Amino acid sequence: MGTYAIDLQTLSIGLLLVRIVIGVIMAAHGTAKSLGWFGGHRLRESGQFFEQMGFQPGAAFAAAAALTEIVSGLLVTVGFLGPIGPALMVSVMIVATLTVHLGNGLFAPKGIELPLLYGVGAFGLALTGFGQYSLDALFGFAGRWSAGFTWIVLVLGVAGAFVNLALRRRPTVTVQAG
């Protein structure tokens with residue numbers, strides 16, 4: 001079994017690439033949901049979809065989801081505030097997985113594949129940190145997030161998802177992803 005030394009610069013470049021892809025696409029997903037950008041629906045249509053899933057008032061839940069996606073995506077992209085952005089992303093992906101994608105198999109476009117990848121990627125970023133090419137590193141916050149604090153923030157993100165799900169009423173129609 002081979003081993004190799006971990007080079008901090010190479011690791012940080014890898015984390016930066018992961019952060020940019022996951023963060024930018026998640027923020028774009030939120031703007032699609034709220035502003036209709038990138039072929040998405042505006043908040044009104046997104047709200048109607050949320051009502052079909054049992055979230056009432058739909059527009060408020062859609063706005064909360066979109067804002068969470070935008071904020072989490074931006075925090076992850078720039079590597080700011082440690083585990084907070086990833087925990088927000090985990091939270092919204094748990095809700096998406098359990099309300100829209102579960103029961104549609106594993107693979108995209110309707111299965112749990114995409115929310116699972118976003119959620120696990122965000123969880124991993126919370127545990128590893130953002131690397132030296134981040135705002136946390138620039139402002140001296142990197143390394144200040146203890147493991148205990150990180151786990152507390154992640155648990156709060158998961159709990160927030162389940163509180164959101166508890167507020168949901170059972171939908172009257174079957175919701176199809178896509």
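A pocket here is an open set of grid points where a 1.4 Å probe fits, with protein on both sides within 12 Å along at least five of seven lines. The structure is a predicted model, and the second largest pocket in this model has a volume of about 280 Å³.

**Pockets**

The lining of this second largest pocket consists of 19 residues, and Thr128, Gly129, Phe130, Gly143 and Trp145 lie nearest its centre. Two or more lining residues come from each of α5 and α7 (147-166). Helix α5 gives the most, with 4 residues.

The largest pocket holds about 1100 Å³ of space. It is lined by 38 residues, and those closest to its centre are His29, Lys33, Phe49, Glu69 and His101. Five helices each supply at least two residues of this lining: α1 (8-35), α2 (43-52), α3, α4 and α5 (113-128). The most comes from α4, with 9 residues.

**Packing of α3 and α4**

Two packed helices are described by the angle between their axes and the distance between the axes. For helix α3 (residues 58-78) and helix α4 (residues 84-101), the axes come within 8 Å and cross at roughly 145 degrees. The crossing in which α3 passes α4 is left-handed. On the α3 side, the contact is made by Ala65, Thr68, Glu69, Val71, Ser72, Gly73, Leu75 and Val76. The α4 side contributes Ile84, Gly85, Pro86, Leu88, Met89, Val92 and Met93. Sorted by class, the residues of this contact are 10 nonpolar, 4 polar and 1 charged. Glu69 of α3 takes part in this contact and is also one of the residues closest to the centre of the largest pocket.

**Aromatic pairs**

A pair of aromatic rings is described by the distance of the centres and the angle of the planes. The structure contains 9 aromatic pairs. One of them joins phenylalanine 80 and phenylalanine 139, whose ring centres are 6.1 Å apart. Planes over 60 degrees apart count as edge-to-face; the planes of phenylalanine 80 and phenylalanine 139 stand at 75 degrees, so this pair is edge-to-face. Phenylalanine 80 lies in the loop between α3 and α4, while phenylalanine 139 lies in the loop between α6 (135-138) and α7, so the pair ties together parts that are 59 residues apart in sequence.

Notes:
Residues are numbered from 1 along each chain as its sequence is written. This is a predicted model: local features need pLDDT of at least 70, side-chain atom pairs count only at pLDDT 80 or more; totals for chains, interfaces and linings use all residues. Side-chain values use heavy atoms; hydrogens and water are left out. Axes are lines fitted to C-alpha atoms, for helices over the stretch in contact, and angles run from 0 to 180 degrees between N-to-C directions. A crossing is left-handed if the near helix is turned anticlockwise from the far one by less than a right angle, and right-handed if clockwise. Contact means heavy atoms within 4.5 Å. Ala, Val, Leu, Ile, Met, Phe, Trp, Tyr, Cys and Pro count as nonpolar, Asp, Glu, Lys and Arg as charged, and the others, Gly among them, as polar. On a 1 Å grid over the protein atoms alone, a cavity is a set of points where a 1.4 Å probe fits but cannot get out, and a pocket is an open set with protein on both sides within 12 Å along at least five of seven lines; lining residues have an atom within 4 Å of a point. Grid points are joined across faces, edges and corners, and a volume is the space filled by probe spheres set on the points. Rings of Phe, Tyr and Trp (its six-membered ring) pair if their centres lie within 6.5 Å; planes under 30 degrees apart count as stacked, over 60 as edge-to-face and the rest as tilted.
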